[in-house]
Amino acid sequence: MGINVGGDDRIQDIVEAEHEVYEPPASVVESAHVQKWEEMRAEAEADLEAFWAERAGELEWYEQWDQVLDDGEAPFYKWFVGAKTNLVHNALDRHLKTWRKNKLALIWEGEGGEKRTFSYYALSREVCKFANVLKSMGVKKGDRVTIYMGRIPELVIAMLATAKIGAMHSVVYGGFSTEALAERIEDARSRVLVTADGGWIRGKTVNLKEIANEAVRRSGYVEHVITVKRTEQDVEMVTGRDFWYDDLLGLPVAEQRCETEVMDAEDPLFILYTSGTTGKPKGVLHTHGGYQVYISTTLKYVFDLKDDDRWWCAADPGWITGHSYIVYGPLILGATSFMYEGAPDYPYPNRWWSLIERYGITVFYTAPTAIRGLMRYGDSWPNRHSLSSLRLLGTVGEPINPEAWRWYHKVIGREKCPIMDTWWQTETGGFMITPLPVTPLKPGSATKPFPGIVADVVDEEGNSCDPNEDGYLVIKRPWPGMLRTVYGDPDRYVEQYWSRYADQGWYLTGDSARKDDDGYFWIIGRIDDVLKVSGYRLGTAEVESALVSHAAVAEAAAIGVPDELKGNVIHAFCILRQGVERPSIDKLKSHVRSEMGPIAVPAHIEYVDSLPKTRSGKIMRRVLKAQATGQEVGDISTLAD
Ligand code: WTA
């Protein structure tokens, strides 16, 4: 398919990396939960349902399932049909019956250096109190609660409290801005919004409440806004609508006991909006039963979590990585998680490394863009710290270039920590193609599918590609952590993921990939109009709609252009309305920032007189991209002009 996401140097590096194999250290192998990964995979494939039933048996259920997998209405698959459960029971309640009651669940550090810790008991108490507050506001099973704040413990508490009472949360990443938030509130029709007065990033505050107020005004569903005090800045509070989190927790209604709502395994747990090929972001829906089994199993086997570990997933709870592997996965496993509020290089480029040393982090999981960013500061920053507590490392979000992989392995892992390069998506709930600690590694390859996952690289017709041939990455069998639908839009669910290979019943990932001679998967990149900028997922359509929402812009096209640090950056091309004054590029950028958020701001904006379009009027981003990257334009026979 000729997809080139990284330029020629990167391709060369990958060709070499294919023959560079890192065997796991004996110490890691000895203590690993799974030693014989190939056998585990074979066992899972031989009887998928038995494999997942056995995994599910490691959790507690109020009532057992009658059927592991119901594919009668495929692609609307159902898992653990008939079972009664609530993920929060497994994440909190069941630990309170054991010694883990007093184990640390969460260690948190603020950007300014404040520290807070929560045992399982304390976390559960805070969750119960807030759950009672939500109930007192009339939030019931099936209702949606939107949560919009920075990386603070109240975010985790709000998610768990919502799930505990059977409502669904929709967490909106704190780096998004007004329009992005308004759109997500509106789509979910949330009556309650939980936010903070502000957030800290690089020593400055972000006006979260101000953005929230404007978004609530635009969307018009929210009846109550609950605000956590974080930055103590002055904010506008609307009488009758707005309440301070702390005030509510002081009310008699905020009792520290709250029954966990009994849910069907297939009842929704959360919606998480993510970018698709076209139009507005879609609400990916996950459920209580299958999701809890899938994320706890993958986390247990891939990162080999044990009771004495200190796990740090340096993502944001506002993305799927945070949902599955900061909040829910570690709690289900009874692990101790660390969460840090601020930027990796604030106030100095050793902030993360100093946190690893101070808290004795044993397993650390981040994104390639962060690794590349910190690599730029040189080895002396990490070398100032003892990182000897580390046992395993991980990465997610975009392909990791072999050079960054080697640096991470050598300088951070001191050549003794295997790197788990986990490929997965918001839609998949958890890791899909990933090494286990015992897997021989190749820098830049996510290696092989997790046991029970049947993945392949296929051509247009669905034939398996030959080794080293690029094709579409598909998943051929259902898995418990799969999304169940697009919230409020089942047709879009079918169309987006299941229509391309409808005859075969395969899930289309939207990524291209290839397998090498050893059957290792190498992810190439997206085949659709989804961009990965610094590992953040964005649609070109979202950037374009933010641009045209400026009064002077008539039409816009956005593309991703490879970038050494960020993976991709956005380039945008705008046609101005007739007779308007041309806004400065900086003005337009700040407009995008305030509508969508900093991650959507194009690195480069250009005013043009026309855009390349097909005769049916579709923008040919491929042509713009070829021009921007100096590549062959390819077939332009459908170009109108
Ligand atoms: C990309 C993030 C290469 C991929 C968990 C996927 C990756 C999209 C990797 C999903 C990886 C994620 N190697 N590419 N290890 N992990 N991706 O929904 O393009 O934010 O389709 O989920 O990220 O992004 P999302």
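In this predicted model, the axes of helix 4 (residues 48-56) and helix 11 (residues 288-302) come within 10 Å and cross at roughly 85°. Because angles of 65 to 115 degrees count as roughly perpendicular, helix 4 is roughly perpendicular to helix 11.

**Helix contacts**

- Two packed helices are described by the angle between their axes and the distance between the axes.
- Where helix 4 meets helix 11, the contact is made by Trp-52, Arg-55 and Ala-56 on the side of helix 4, and by Val-293, Tyr-294, Thr-297 and Tyr-301 on the side of helix 11.
- Sorted by class, the residues in the contact of helix 4 with helix 11 comprise five nonpolar, one polar and one charged.
- Helix 14 (residues 368-375) and helix 16 (residues 402-412) also have axes that come within 10 Å, and here the crossing is at roughly 70°, so helix 14 and helix 16 are roughly perpendicular to each other.
- From helix 14 the residues Ile-371, Arg-372, Leu-374 and Met-375 take part, and they meet Glu-403, Ala-404, Trp-407 and Tyr-408 in helix 16.
- The contact of helix 14 with helix 16 has six nonpolar residues and two charged ones, with no polar residue.

**Aromatic rings**

- A pair of aromatic rings is described by the distance of the centres and the angle of the planes.
- In the model, the count comes to 41 aromatic pairs, with rings pairing if their centres lie within 6.5 Å.
- One of the aromatic pairs is formed by Tyr-77 and Trp-498, whose rings are 5.8 Å apart centre to centre, with 50° between the planes, an arrangement that is tilted.
- This pair links distant parts of the chain, since Tyr-77 lies in the loop between strand 1 (67-70) and strand 2 (78-81), while Trp-498 belongs to helix 17 (residues 490-498), 421 residues apart.
- Are the two partners buried or exposed? Tyr-77 counts as buried because its relative accessibility is 11%, and Trp-498 counts as buried because its relative accessibility is 7%.
- Tyr-77 and Trp-498 also belong to a cluster linked by ring pairs, together with Phe-76, Trp-479, Tyr-493, Tyr-497 and Tyr-507.

- Lys-229 lies over the face of Trp-244, and here the value is 4.4 Å from the ring centre.

**Backbone features**

- Ala-74 and Pro-75 are joined by a cis peptide bond, for which omega is about 5°, and Pro-75 is placed in the loop between strand 1 and strand 2.
- Another cis peptide bond runs from Tyr-346 to Pro-347, with omega near 0°, and Pro-347 is found in the loop between strand 17 (336-340) and helix 13 (351-359).
- Phe-80, in strand 2, is a residue other than glycine and has a positive phi, near 55°; at 0% relative accessibility, Phe-80 counts as buried.
- Arg-202 is not a glycine either, yet has a positive phi of about 50°, and this residue lies in the loop between strand 9 (199-201) and strand 10 (204-206).
- With a relative accessibility of 43%, Arg-202 counts as partly exposed.

**Two single residues and their surroundings**

- Which residues does Lys-129 touch, not counting residues up to four places away in sequence? Lys-129, which lies in helix 6 (residues 120-136), touches Leu-249, Ala-254, Glu-255 and Gln-256.
- Lys-129 counts as buried because its relative accessibility is 18%, and buried means under 20%.
- Ala-628 is part of helix 20 (residues 621-629) and is partly exposed, with a relative accessible area of 35%.
- Although Ala-628 and Gly-560 are 68 residues apart in sequence, they are 9.4 Å apart in space, taken from C-alpha to C-alpha.
- When neighbours within four places in sequence are left aside, Ala-628 is in contact with Ile-559, Val-561 and His-571.

Methods
Residues numbered from 1 in each chain as written. Predicted model: local features only at pLDDT ≥ 70, side-chain atom pairs only at ≥ 80, totals over all residues. Heavy atoms only, no water. Axes fitted to C-alpha atoms, helices over the stretch in contact; angles between N-to-C directions. Helix = DSSP H or I, 4+ residues; strand = E, 2+ residues; numbered from the N terminus. Parallel < 35°, antiparallel > 145°, perpendicular 65-115°, else oblique. Contact = heavy atoms within 4.5 Å. Nonpolar A, V, L, I, M, F, W, Y, C, P; charged D, E, K, R; others polar. Phe/Tyr/Trp six-rings, centres within 6.5 Å; stacked < 30°, edge-to-face > 60°. Buried < 20%, exposed > 50% of the residue type's maximum accessible area, 1.4 Å probe, protein only. Lys NZ or Arg CZ within 6 Å of the ring centre and 35° of its normal.
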